[in-house]
Amino acid sequence: MLIDFNCPKCGGSIYENHGLQSRSFWVRLGYWHYIINPGLAFNELVLGQRLPSTMCVCKACELPLHHRAFVPCPGCGALHGLEIQKKFFAFGNYFGLFCPLCQKEIPSLSNFTSSLIKLVTRPLYMIPAKPLKRLWLERRRKLAEAEGIKLLAMNSAEKEQGRFAYLKMGVLWGAIMFFVFWIPLLMGFFAGNLDISFFIMVSMMNLVLWMAGGLAFGGSMMFFLERRGNKELHLDMKELTARMNQDDERDGDIKELP
Ligand SMILES: [Zn+2]
Ligand SMILES: [Zn+2]
C-alpha cells in the first residue's frame with residue numbers, strides 16, 4: 001500500500017512503517033508475537049481486538065509513540081490517530097477494522113490460534129455471520145455518524161495528557177506477582193512445614209525479585225511508549241525540496257532525482 005503520509009498532528013512527512021515488514025527488528029518481533037502467542041486468541045475472539053497490519057509512526061512529532069502512530073486507511077487515505085483508534089479500533093472488532101470515514105475495511109492481522117479456531121468452527125457461524133456483520137457494520141456507521149464532523153478533527157487534536165504512571169504500574173504488577181508466590185509460602189509456613197528463618201529469607205528474596213522485576217517492567221514500558229520523535233525531521237515537502245536544492249548547490253553538480 002502506497003501511503004501519502006502527512007502527519008495530521010505536525011504536518012511532517014517522514015514516517016516509520018510499523019508492521020511485519022518494519023525495518024526495526026523489535027517492531028517486527030512485537031508483531032510476530034501478536035501472531036504466535038496463543039493467549040492473544042482470547043483478546044481477538046472474546047474482546048474483539050485487532051492489530052492493524054500497518055501503522056505509520058511520525059518521526060517528527062515530539063509526542064509519545066502511541067500519540068504519533070497512525071492507522072492509514074486504504075480506502076480514503078485518512079490517517080487515524082490515537083483518538084479514533086481508541087473509539088473505533090480498540091474492542092469489539094469481531095468482523096475486522098473498518099474506517100469510520102469511508103467504511104472500507106482496514107487490513108488487520110489475525111492471531112494464528114484464533115485463525116485456527118475460526119477455521120474449525122466455521123460451519124457453526126457461516127450462516128449467521130452475514131446478517132450479523134451487516135448489523136454490526138450498521139452500528140459502526142451510526143457511531144461514526146454521531147461523531148460527524150468531529151471525526152476529522154479527532155485525528156489532529158492533541159490534548160497534552162498527563163504522563164502515564166509507568167512506575168506505579170510496574171510496582172503494582174510486582175506486588176501482584178509477589179503475592180502470587182508468597183501466599184503458597186505463607187500457607188506452607190502455617191502448615192508448619194517451613195522453618196521461620198527459611199520463611200523470612202525466601203519472603204525477602206521474593207519481595208526484592210518482584211520489585212526489581214516490576215520496576216524493570218514499568219521502565220521498559222516507559223522506554224518504548226514514551227519515545228518521542230525528532231523535531232529536526234519536521235519537514236514538509238516544501239522544506240524537503242528546498243533542502244535538496246541547497247545540497248545540490250553546495251555539491252556544485254546536479255543529482256538525479258528518482
Ligand atoms: Zn507528526
Ligand atoms: Zn477510509
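Which element gives the largest share of the lining of the largest pocket? Keep that in mind while opening the structure, which is a predicted model.

Start with the pocket. Select Leu51, Met55, Leu65, His66 and Leu225, the residues that lie nearest the centre of the largest pocket. The lining has 33 residues in total, and the space inside comes to about 1,600 Å³. Next, colour the elements that give two or more residues to this lining; among them are strand S1 (15-18), helix H1 (25-36), helix H2 (40-45) and helix H8 (196-225). Helix H1 is the answer to the opening question: seven lining residues come from H1, the largest share. Now colour the lining by residue type: 21 residues are nonpolar, eight are polar and four are charged.

Move on to the zinc ion (ligand 2). Select Cys73, Cys76, Cys99 and Cys102, whose SG atoms are the protein donors and lie 2.2 to 2.3 Å from the zinc ion. Along the sequence these donor residues follow the spacing C-x2-C-x22-C-x2-C. The angles between the four donor atoms are 103 to 113 degrees, so the arrangement is tetrahedral.

Is Cys99 buried or exposed? Cys99 is buried, because its relative accessible area is 0%. Cys102 has a relative accessibility of 27% and therefore counts as partly exposed.

Last, look for disulfides. A disulfide is a covalent bond between the sulfur atoms of two cysteines. The count here is zero.

Key. Residues numbered from 1 in each chain as written. Chains lettered and ligands numbered in written order. Predicted model: local features only at pLDDT ≥ 70, side-chain atom pairs only at ≥ 80, totals over all residues. Heavy atoms only, no water. Donors = N, O, S within 2.8 Å, 3.2 Å for Na, K, Ca; no water. Tetrahedral: all angles 85-135°; square planar, octahedral: opposite > 155°, others 65-115°. Buried < 20%, exposed > 50% of the residue type's maximum accessible area, 1.4 Å probe, protein only. Disulfide = S-S within 2.5 Å. 1 Å grid on protein atoms, 1.4 Å probe; cavity = no way out; pocket = protein on both sides within 12 Å on 5 of 7 lines; lining within 4 Å. Points joined across faces, edges and corners; volume = space filled by probe spheres on them. Helix = DSSP H or I, 4+ residues; strand = E, 2+ residues; numbered from the N terminus. Nonpolar A, V, L, I, M, F, W, Y, C, P; charged D, E, K, R; others polar.
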